[in-house]
Every structure is written in structure tokens, then in C-alpha cells.
Amino acid sequence: MKRIVVLGGGYGGVLTAKKLAKKLKNNKDIEIKLIDRNPYHTLLTELHEVSANRAPEDSIKIDLKKIFAGLKVDVVLDEISNIDFKGKKLTSEKAVYEYDYLVIGTGSKPTFFGIPGAEENTFSFWSYDDAVALKLQIRDMFTQAAKEKNPEVRRSMLTFVIVGAGFTGVELVGEMAEYREELCKEFFIDPKDVRLIVADMAPKILPILPDKLIRKAEAHLRKLNVEIVTGAKITEVGTGSVSLGEKNVVAANTIVWTAGVEGSELVGKLDVQQQGRKRIVTNEHLESVDHKNVYIVGDNIFYIVEGEERPVPQMVENAELAAPLIAGNIVADINGTAKKGYKPAFHGTMVSIGSRYGVANVGLPNKMFMLTGFMAMFAKHMINIYYLSGVVGFNKVWTYMMHEFFHVENRRSFVGGYFSKRSPNFWLVPLRMLLGGMWLYEGIDKLRKIWVDPNKIFLIPAAPYLKDATSAASEAVDAVKTTVDAQSAASAVDTAKEAVSALPVPKFIYNISNWFMDLMFYKPDGNFTFLAKWFQIGMVCAEIVLGIMLIVGLFTAIASIATIGMAVMIWTTKMAATEMLWYVAAAIACIGGSGSVFGLDYYVLPWLKKQWKKIPLVRRWYLYTD
């Protein structure tokens with residue numbers, strides 16, 4: 001039995017464990033453990049959204065057991081205090097875990113550079129708990145300031161300083177600038193009384209980005225009334241104040257530290273070569289240079305790719321690229337095959353400044369594109385969705401889309417408020433009932449015709465054979481003159497009239513429809529096949545069944561979409577009158593939960609949801625919503 005232990009449930013740890021589980025799913029002699037002190041994986045890149053109340057707190061947490069549902073990964077909740085590399089075991093206060101292969105992905109923690117008072121008097125911003133604590137602090141300051149009479153004390157309460165103007169600091173202050181408007185309105189505070197400062201010792205903000213994007217970011221921050229202080233040596237952080245240079249002491253009750261990170265406390269104590277703020281030195285296989293079968297993932301990696309001058313960056317994409325390589329190298333070692341070297345191709349960086357604006361430098365290693373505004377935010381969201389699809393699939397992608405696009409208040413989304421407006425579903429009940437009643441009426445009316453003459457085909461147009469409906473009507477009139485069945489002639493004339501007043505159909509779509517009907521419903525002599533009769537009966541039954549489903553509110557979304565499909569089929573044959581537009585518009589309106597009020601969906605869907613989530617395949621592929 002080979003024992004693989006992944007230490008850390010961050011980006012690198014989670015992805016490595018998933019890759020290992022998939023590659024070794026058929027190997028019964030493998031045991032995979034993921035150890036973390038928290039039962040959840042945190043989306044660290046989204047912390048600022050929680051702190052500024054744009055996204056709910058649970059939106060940035062993913063249950064580890066959910067991530068590994070159906071996979072051969074044992075999730076262990078524990079805090080490791082020591083690693084014995086010689087004995088190949090990890091130790092905590094309550095247990096000892098032995099390993100044959102170890103993956104260290106314990107991540108980073110804030111570093112304070114030895115600045116007096118920095119650690120004691122600032123809010124750190126590197127975990128779920130940090131984000132929630134800051135959210136409470138911001139709101140508490142506005143609550144107290146609304147009642148404070150002393151102007152100096154009040155000014156200090158309403159001053160917020162973010163130390164560190166990298167990605168984390170800029171994203172946080174941009175989000176807080178938007179949140180300020182909501183809080184000022186709620187607590188009757190003039191926005192001019194609220195001071196937001198982002199400060200850094202570097203000469204410019206976001207130094208990793210091109211200068212053009214930096215200027216764009218600065219301009220937008222100033223538009224949001226954010227003060228930018230660069231080149232400021234932070235000398236001391238006191239209780240309620242911070243020194244941004246020798247002569248610039250700012251009184252502030254809320255000082256947030258985002259100025260840098262170093263390796264986790266555990267990594268700092270390990271007997272391994274470290275460089276660059278407690279990062280573990282690795283070889284090209286991302287294996288520790290000191291200990292065989294010990295791999296490093298994520299922020300803990302210190303490796304300089306051949307031809308580069310700097311080590312791989314501490315960012316999420318590095319973890320995403322390192323994880324599959326490490327998993328592949330462990331499998332290769334188990335199977336006795338060659339390992340691969342780490343040659344990452346990074347696709348750029350992006351930063352959001354509030355919910356509606358961002359800057360990004362993305363593309364291929366040799367061809368980068370600078371994006372701003374809507375396109376930068378679009379790129380950021382698409383990359384997040386791509387990552388989440390690999391971690392918790394449809395389940396988390398759906399949740400992410402809800403809290404980023406559809407359940408956002410105060411237009412705090414890059415698509416504005418167009419998709420986030422919500423109204424009670426009971427307003428749709430009359431429309432749903434009317435739509436269902438109309439389909440039911442149409443179905444019953446057609447059913448009467450079938451009952452009278454089952455062989456009469458009226459839902460499928462006559463075979464055109466290069467003749468349009470008008471010429472068919474003319475022939476029908478001629479048929480009357482030659483004493484052919486008068487009823488058939490009148491029917492043809494009616495069909496022609498309907499065709500003349502029908503909704504227009506593009507020629508290529510009409511040709512496709514004719515090809516299909518010629519294949520399925522027309523004989524060589526122009527008569528109908530037996531399939532035409534049963535297709536007509538099926539269509540009529542569908543109209544009746546779907547009408548009833550809409551009336552009683554059962555599987556309303558499915559019924560609404562199905563009626564749209566039927567309307568489209570009718571339209572392609574040039575038999576859809578203009579009133580069909582009303583049917584389609586009403587059906588679109590009824591898709592979104594109209595059956596959850598005064599409908600059977602209110603009772604049936606919750607029960608089915610519980611049963612659906614119990615299916616192993618569904619849980620394995622995350623094909624459900626919470």
C-alpha cells in the first residue's frame with residue numbers, strides 16, 4: 001500500500017489531490033489523504049467581495065468533502081505541527097500520519113517586515129476569517145460614527161487605510177469604495193467624510209502590470225475618491241494610527257495589512273532549503289531538493305525556470321499548473337516511468353477595482369493583450385468559472401454565477417443590474433395559467449378534428465415540390481372546378497391564406513425543414529407517410545399535456561421550454577401565425593420558477609432535488625445545486 005498525503009486544502013492541494021484520485025482510481029494499493037485544519041477550501045481571490053458585502057460569506061467556502069465526493073481521497077481535519085522527513089511521518093497533537101509521498105501545499109501567511117506594531121494593530125487579509133472580521137469592522141465603524149459627536153474621533157472611525165497596493169490591496173480598496181455608497185446612505189453619512197487610502201512602499205501600484213494599465217487603474221481609483229500613497233516608508237503602526245512616511249501620520253481605526261506574504265508557520269520550521277520568504281527550494285520536478293518523494297505545490301514553491309531570472313510567482317495559476325505535473329510525477333514514480341520537468345506557461349494577470357471595472361494583461365506567453373473595463377472583468381470571471389468547473393463542476397459554477405451576476409444588489413456586477421432584478425414569482429401565475437389554457441384549448445380543438453377523421457393531416461403542410469403555398473391554393477381552386485373534393489379544395493385555400501399571413505422564415509431554414517419533412521412525412525407521389533399521422537397525434541397530445549403541466553405548475557420550466565420548441569417547429573414550416581410570438585414570449589417569462597407559487601413545483605421539486613443528490617453519479621459530477 002502506497003500512502004500519499006497532501007498537506008493543505010488550498011488551490012494547489014485540492015487540485016493535486018483531485019488529479020491523483022483520477023489518475024489512480026483503478027489502483028487499489030493507493031491511499032490518498034488530504035489534511036487541513038479547516039473543513040473547507042477558501043477562494044482567496046474573492047475575499048474582498050465578502051469584506052465589502054458584495055458576495056455572501058459562504059460563497060467563498062467550498063466543503064472539502066463535497067469536492068472529493070465519489071473520489072478516493074480521505075479528508076482529514078487536523079493541524080500538523082511537525083514533519084519528520086527521515087521517518088516519513090507527520091505529527092499533530094492527536095495523531096501521526098505516515099506517508100510514502102508527501103505534497104506540501106500549506107500556502108502563505110502575511111509578512112510584516114519587522115515593522116513595529118504592524119502585526120498587533122492591523123487587520124490581516126489572508127483567510128476566510130480575516131474577510132469576515134473586516135466586514136464586521138467596517139460596518140461597526142459606520143455604526144459608531146453615526147452616533148459620534150467628537151469630530152476627530154469620528155474622522156478616525158471613517159478613515160480606512162489599506163497598506164499594500166498589490167493585487168489584494170487594490171481589489172479590496174476598490175470594493176470598499178463601492179460599499180461606501182451603500183453604508184453612507186444607510187447611516188446618513190456624507191460620503192465626503194469617509195476617507196479611503198491605499199499605500200505602498202513601492203513607487204507605483206500594481207508593479208507587475210504594464211505602465212499603461214497602472215495609469216488606468218490609478219485613474220479609476222481616483223474616480224472612486226481613493227487616495228493613493230506610493231513610495232511611502234511605513235515606519236510604525238500604532239493603536240489607531242499609521243506612519244506613511246516621516247511626516248504623514250494618519251489616524252485611522254481600521255488599518256488593513258496586504259503588503260506581502262511569506263511561507264506558513266509550519267514551513268518556516270521545516271528542515272529544508274528555503275529562499276524568498278520561507279519558500280521551499282525544489283528541483284525541476286517540483287520535488288524538494290533535500291528530501292526524495294516530498295513535492296511542493298502553490299505558494300510554497302521556490303523554483304527558477306531555466307532561462308528566467310525570478311522564481312515562479314505566488315499566484316493561483318502557478319498552483320493550477322503545478323498540481324497536474326506533481327500528480328503525474330508521483331504516478332510516474334509509482335509506475336517506474338520518467339518524470340516531467342516544470343515549464344509553466346502563464347497566461348497573465350488581472351485585477352478588479354470594484355465590481356464593474358478591472359485591468360488585465362492576459363494572453364499567451366509571447367503575446368499579451370491589455371484589457372480594461374468590461375472585457376477585463378469578463379476575462380476574470382471566465383477564468384474563475386474555468387477553475388471552479390475543475391474543482392466542483394456545475395454545482396459551484398452555478399453558485400458563482402448566481403452571486404456574481406443574478407443575485408447582486410445595487411448594480412454591483414460587471415453586467416450592471418440588468419440580470420439581477422428579481423420580482424415575486426406570483427405575478428407570473430396568471431400568465432402561466434393563460435399560456436397553459438391556450439395550449440390546452442388548441443390541443444383539444446385539434447383532437448376533435450382527429451377524432452372526426454384520423455387520416456386527415458392538417459398540422460403538416462402539403463408537399464411543395466417546388467410550388468409555393470399560393471400556387472397550391474390556385475390548384476385547389478382548379479380542383480373545385482373539375483369537381484374534385486370541395487372540402488379538400490377549401491382546406492388548401494385556407495392553408496394558402498395562413499401561409500400568406502404566416503411569420504417569415506429564412507430560406508435556408510425553410511429548405512432544411514422541407515428536406516426533413518420530405519424524408520419523414522412525404523411519399524414520392526406527394527401523399528403523407530404513416531409517420532405523418534402519428535407525428536400529428538403526438539403533437540396534439542403534447543399540446544394537451546404541456547398545457548395541463550403549465551396550468552397545474554408541474555415541471556414548469558421544462559413545459560415552457562418544450563412549448564417554445566413546438567412553436568419553433570411550427571414556424572419553420574411557415575405555418576406559424578403572428579400570435580405565435582405571444583406564445584413564445586409568455587413561455588420565456590414562465591421558465592424562471594413560475595410554478596413555485598400556486599403550483600405543484602412547490603412540492604415536487606424539493607423532493608426530487610433530495611432524491612437526485614443521492615445518486616452517486618450526480619454527486620460524483622456535481623450535477624446539482626445547493
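This is a predicted model: local features need pLDDT of at least 70, side-chain atom pairs count only at pLDDT 80 or more; totals for chains, interfaces and linings use all residues.

**Notes on strands, helices and rings**

1. Strand E7 (residues 89-92) has one covered face, made up of Leu90 and Ser92, and one uncovered face, made up of Lys89 and Thr91. In a regular strand the side chains alternate between the two faces of the sheet.

2. Residues are numbered from 1 along each chain as its sequence is written, and side-chain values use heavy atoms, with hydrogens and water left out.

3. E7 is joined to strand E6 (residues 80-84) by four bridges in the antiparallel sense, two strands being paired if DSSP finds at least two bridges between them. Isoleucine 80 has serine 92 of E7 as its bridge partner. The hairpin of E6 and E7 has four residues between the strands, and in it lysine 88 takes a positive phi near 55 degrees.

4. E7 is also joined to strand E8 (residues 96-98), again antiparallel, by three bridges, and the hairpin between E7 and E8 passes through three residues. Here lysine 89 has glutamate 98 in E8 as its bridge partner.

5. A separate point concerns the open sheet of five strands, whose order is E5-E2-E1-E9-E22 and whose pairing is parallel. Strand E5 (74-77) and strand E22 (294-296) stand at the edges with a single partner strand each, so one side of each is left without a neighbour in the sheet. From one strand to the next the twist averages 20 degrees, angles being taken from 0 to 180 degrees between N-to-C directions of axes fitted to C-alpha atoms, for helices over the stretch in contact.

6. Within this sheet, strand E1 (residues 2-7) and strand E9 (residues 101-104) pair in the parallel sense over four bridges, and isoleucine 4 stands opposite tyrosine 101 in E9. Helix H1 (residues 11-23) packs on the sheet and touches E1, strand E2 (30-36) and E9, its direction making about 165 degrees with that of E2; contact means heavy atoms within 4.5 Å. Helix H10 (residues 316-335) lies across E1, E2, E9 and E22 and runs at about 170 degrees to E9.

7. How many aromatic pairs does the structure hold? There are 18 aromatic pairs, counted for rings of Phe, Tyr and Trp (its six-membered ring) with centres within 6.5 Å; planes under 30 degrees apart are stacked, over 60 edge-to-face and the rest tilted. In one of them, the rings of phenylalanine 142 and phenylalanine 187 have centres 6.4 Å apart and planes at 35 degrees, so the pair is tilted. It links distant parts of the chain, phenylalanine 142 in helix H5 (residues 128-145) and phenylalanine 187 in helix H7 (residues 167-187), 45 residues apart.

8. Tryptophan 439 and tyrosine 583 form an edge-to-face pair, 5.0 Å centre to centre with 70 degrees between the planes. Tryptophan 439 is buried at a relative accessible area of 3%, and tyrosine 583 counts as buried at 5% (buried means under 20% relative accessible area, exposed over 50%, partly exposed in between, with a 1.4 Å probe and protein chains only).

Key
Helices (H or I, at least four residues) and strands (E, at least two) are DSSP runs, numbered from the N terminus.
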